[in-house]
Amino acid sequence: MESSRKQSGSTAPTNIIDLKSGMENVNVVVRVISTTPPRTIETKKGTRTISNAVVGDATGRVEAVLWGEKTTALKEGQVVSIQGAWVTEYRGKLQLNIGKNTSITEAPQESVPEEIPEEEPKATGRPSGSRPFRPQRRGFKGRGRRGGEFNE
């Protein structure tokens with residue numbers, strides 16, 4: 001069963017400008033604009049190796065975060081098809097995440113223009129580092145009652 005946030009693996013590539021936080025199994029065809037060397041960071045799940053890249057298509061550009069064995073998978077100037085990525089929001093900007101289950105294959109140079117617009121997909125604007133809003137209480141438990149009993 002597939003959630004409405006997920007895209008099916010056999011769909012046409014998504015335009016960069018149409019990316020939204022929470023999307024999964026994202027397919028894009030992009031030109032690599034820039035890359036950074038791998039570095040290690042501390043996360044809640046322990047030490048991880050990441051690198052960053054800026055990738056784009058005819059509609060805009062986005063920062064990509066490459067995790068683990070994928071940290072050296074992109075080279076500046078390449079045109080690649082990325083399948084199985086996911087989108088998160090960090091410090092008010094969207095990021096395209098590329099991990100061990102993401103596939104990266106060469107794509108024809110002419111499939112993405114050399115001039116990439118400066119436009120970036122819009123984030124939801126949550127404060128940096130914040131998590132999505134989750135209501136504290138669910139249902140009606142505890143409302144209008146004292147001591148867990150109804151007074152009739």
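This section describes the confidence, strand pairing, nonpolar cores and charged contacts of a predicted model.

The mean pLDDT of the protein is 84, and 75% of its residues reach a value of 70 or more. Over residues 1-9, by contrast, the pLDDT is below 50, although this stretch has 16 contacts in the model beyond its near neighbours in sequence.

Strand β6 (93-98) has pairing relations with both β4 (60-67) and β5 (79-90). With β4, strand β6 pairs in the parallel sense over four bridges, and within this pairing E63 has Q95 of β6 as its bridge partner. With β5, strand β6 runs antiparallel, the two being joined by five bridges, and here the bridge partner of Y90 is K93. The strands β5 and β6 form a hairpin with two residues between them, and R91, which lies in the turn, has a positive phi of about 50°. Five of the six residues of β6 are buried, so this strand is largely enclosed by the rest of the structure.

The largest nonpolar core comprises 20 residues, and those with the most contacts inside it are L19, V55, L74, I82 and L96. Two or more residues of this core come from each of the elements β1 (26-35), β3 (46-57), β4, β5 and β6. A second, separate core consists of five residues, among them V29, V79, A107 and V112. In soluble globular proteins, nonpolar side chains tend to be buried together. The surroundings of V55 can be given in detail: when residues up to four places away in sequence are not counted, V55 touches V30, R31, V32 and I33, together with G60, R61, V62 and A64, and also L74 and L96. Two of these, L74 and L96, are themselves listed with V55 among the residues with the most contacts inside the largest core.

The side chain of N52 makes a polar contact with the side chain of R39 at 2.7 Å. Leaving aside neighbours within four places in sequence, the residues in contact with N52 are S34, T35, T36 and R39, as well as E63, A64, V65 and L66.

Side chains of opposite charge can pair when their charged atoms come close. The count of salt bridges in the model comes to two. In one of them, the side chains of E118 and R61 meet at 3.9 Å, N to O; E118 lies in the segment after β7 (103-106) and R61 in strand β4, so the pair ties together parts that are 57 residues apart in sequence. The accessibility of these two partners is contrasting, since E118 is exposed at 61% relative accessibility, whereas R61 is buried, with a relative accessible area of 15%. In the other salt bridge, the side chains of K93 and E120 meet at 3.5 Å, N to O. Because K93 lies in strand β6 and E120 in the segment after β7, this pair ties together parts that are 27 residues apart in sequence. K93 is partly exposed, with a relative accessible area of 46%, and E120 also counts as partly exposed, at 33% relative accessibility.

How values were computed: Residues are numbered from 1 along each chain as its sequence is written. This is a predicted model: local features need pLDDT of at least 70, side-chain atom pairs count only at pLDDT 80 or more; totals for chains, interfaces and linings use all residues. Side-chain values use heavy atoms; hydrogens and water are left out. A nonpolar core is a set of buried Ala, Val, Leu, Ile, Met, Phe, Trp, Tyr and Cys residues joined through side-chain atoms within 4.5 Å. Buried means under 20% relative accessible area, exposed over 50%, partly exposed in between (1.4 Å probe, protein chains only). Contact means heavy atoms within 4.5 Å. A polar contact is a pair of N or O atoms within 3.5 Å; within protein, one must be able to donate a hydrogen and the other to accept it, and residues adjacent in sequence count only if both atoms are side-chain atoms. A salt bridge is a side-chain nitrogen of Lys or Arg within 4 Å of a carboxyl oxygen of Asp or Glu. pLDDT is the predictor's confidence in each residue, from 0 to 100. Two strands pair if DSSP finds at least two bridges between them.
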